[in-house]
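Thanks for coming, everyone. Let me put the model up, and then I'll walk you through it.

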Amino acid sequence: MPHYEPSVSRETPSAHSAQPYADTPIAAAAERASQVLTPGASGTLPRPASPRIMTVANQKGGVGKTTSAVNLAAGLAIHGLGVLVIDLDPQGNASTALGIDHRQPGIASVYEMLLDDVPLRDAIQRSPANERLYCVPSTLDLAGAEIELVSVVARESRLRNALDHDVLAELGIDYVLIDCPPSLGLLTVNAMVAAREVLIPIQCEYYALEGVGQLLRNIELVQAHLNKELHVSTILLTMYDGRTKLADQVAAEVRGHFGDKVLSTIIPRSVKVSEAPGFGMTIIEYDPGSRGSMSYLDASRELAQRASVEGGLA
Ligand code: ATP
Ligand code: MG
């Protein structure tokens, strides 16, 4: 039995059966949901020529890193691509949202990959969310890793060295999304050395760009000393509240700064998006026809269509 089979199983919600009143908002959402969930109906997206490895980073806390990593991953998977999410945050929120039981004693996690040379093959699990969606979970042990890594050989390249490309090929992985903790410590540096691209989620709120300058300087340092290929490829605006002028000002400022790196899809603030992880689900499973789900589906489509700019398509 391969190690990557799901450790938990559960029911997918089916609260979206068709309604007879096609012109009500609920009926419209139900119709969108059934379109999203019909196999093949979402269409397929272009496969990158080799796996795109992306770090989802912003040392500012609570800007939507984890939410974006898991929901973009689910969006890519529903469009037929293979995706691996590496949960590099001791909080383990990405593992939870992907329905991975990461509190079981003795499971192999990213901690063992980084510090005990446990191979990717033994730490990877398939998410019950989608047969093409995988996760390397994190456990609370990872909280100590920032300190433990300091004295380890090749401490900045542990994740890169552990990312076995044969396993990625065997499982048909097209995208690796690494969910970083809200800090610029050794875990985030490991993510930046392992990846080629950085995706920065920016919250449409006061002080949105606070700390982004420091993040960019760190990316430059990693680029200069550890990983020449690293660059910021994608900015995603999150938690947009259309009722406030501020959200539009922030969006315009970020676009002025980062130009076409900013995805044109903006993720709206929505209670459903924040509820989904509590059920161990992505928004696309939890409420497929909702605005949050549709926006992450659009963002994942945009991300994949930009692959041709990034490194070619298969
Ligand atoms: P941390 O820095 O702690 O890792 P993060 O950057 O990963 O945080 P998230 O955990 O994704 O951020 O989001 C922070 C909080 O905001 C969570 O409670 C999440 O459910 C909520 N949230 C994220 N995106 C949205 C959204 N579009 N609408 C409403 N709530 C959201
Ligand atoms: Mg997070």
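Start with tyrosine 207. At 61% relative accessibility, tyrosine 207 counts as exposed. Here are the cut-offs: buried means under 20% relative accessible area, exposed means over 50%, and partly exposed lies in between, with a 1.4 Å probe and protein chains only. Tyrosine 206 is exposed too, at 60%.

Some ground rules. This is a predicted model, where local features need pLDDT of at least 70, side-chain atom pairs count only at pLDDT 80 or more, and totals for chains, interfaces and linings use all residues. Residues are numbered from 1 along each chain as its sequence is written, chains are lettered from A and ligands numbered from 1 in the order in which they are written, and side-chain values use heavy atoms, with hydrogens and water left out.

Now the rings. The structure holds two aromatic pairs. In tyrosine 206 and tyrosine 207, the ring centres are 6.2 Å apart and the planes sit at 45 degrees, so this pair is tilted. Phenylalanine 279 and tyrosine 286 form a stacked pair, because their centres are 5.1 Å apart and their planes at 20 degrees. The rule covers rings of Phe, Tyr and Trp (its six-membered ring): they pair if their centres lie within 6.5 Å, planes under 30 degrees apart count as stacked, over 60 as edge-to-face, and the rest as tilted. Tyrosine 286 is buried, at 18% relative accessibility.

On to ligand 1. Which residues come nearest to ligand 1? Of the 17 around it, they are Lys65, Thr66, Thr67, Pro268 and Ser270. A residue is near if one of its heavy atoms lies within 4 Å. The shell divides into six nonpolar, eight polar and three charged residues. In that scheme Ala, Val, Leu, Ile, Met, Phe, Trp, Tyr, Cys and Pro are nonpolar, Asp, Glu, Lys and Arg are charged, and the others, Gly among them, are polar.

Look at the oxygen atoms of ligand 1. One lies 3.0 Å from a backbone N or O atom of valine 63. A polar backbone atom of glycine 64 is 3.0 Å from an oxygen atom of the ligand. For glutamine 91, a polar side-chain atom lies 3.3 Å from a ligand oxygen. Taken alone, ligand 1 exposes 630 Å², and the protein buries 81% of that. Those areas come from the Shrake-Rupley method with a 1.4 Å probe; for residues, only the protein chains shown count as cover. Two or more shell residues come from each of α2 (65-78) and α12 (271-275). The most come from α2, with three residues.

Next, aspartate 174. Aspartate 174 sits in the loop between α8 (165-170) and β5 (175-179). Buried or exposed, this aspartate 174? Buried, with a relative accessible area of 6%. Its side chain makes a polar contact of 2.8 Å with that of arginine 47.

Then isoleucine 53, in strand β1 (residues 52-56). Isoleucine 53 is buried, at 8% relative accessible area. In sequence, isoleucine 53 and methionine 192 are 139 residues apart, but C-alpha to C-alpha they are 9.6 Å apart.

Last, the whole chain. There are 15 helices and seven strands. Buried residues make up 53% of the 314 residues. The accessible surface comes to about 13800 Å², and 53% of that belongs to carbon and sulfur atoms.

Terms used
A polar contact is a pair of N or O atoms within 3.5 Å; within protein, one must be able to donate a hydrogen and the other to accept it, and residues adjacent in sequence count only if both atoms are side-chain atoms. Helices (H or I, at least four residues) and strands (E, at least two) are DSSP runs, numbered from the N terminus.
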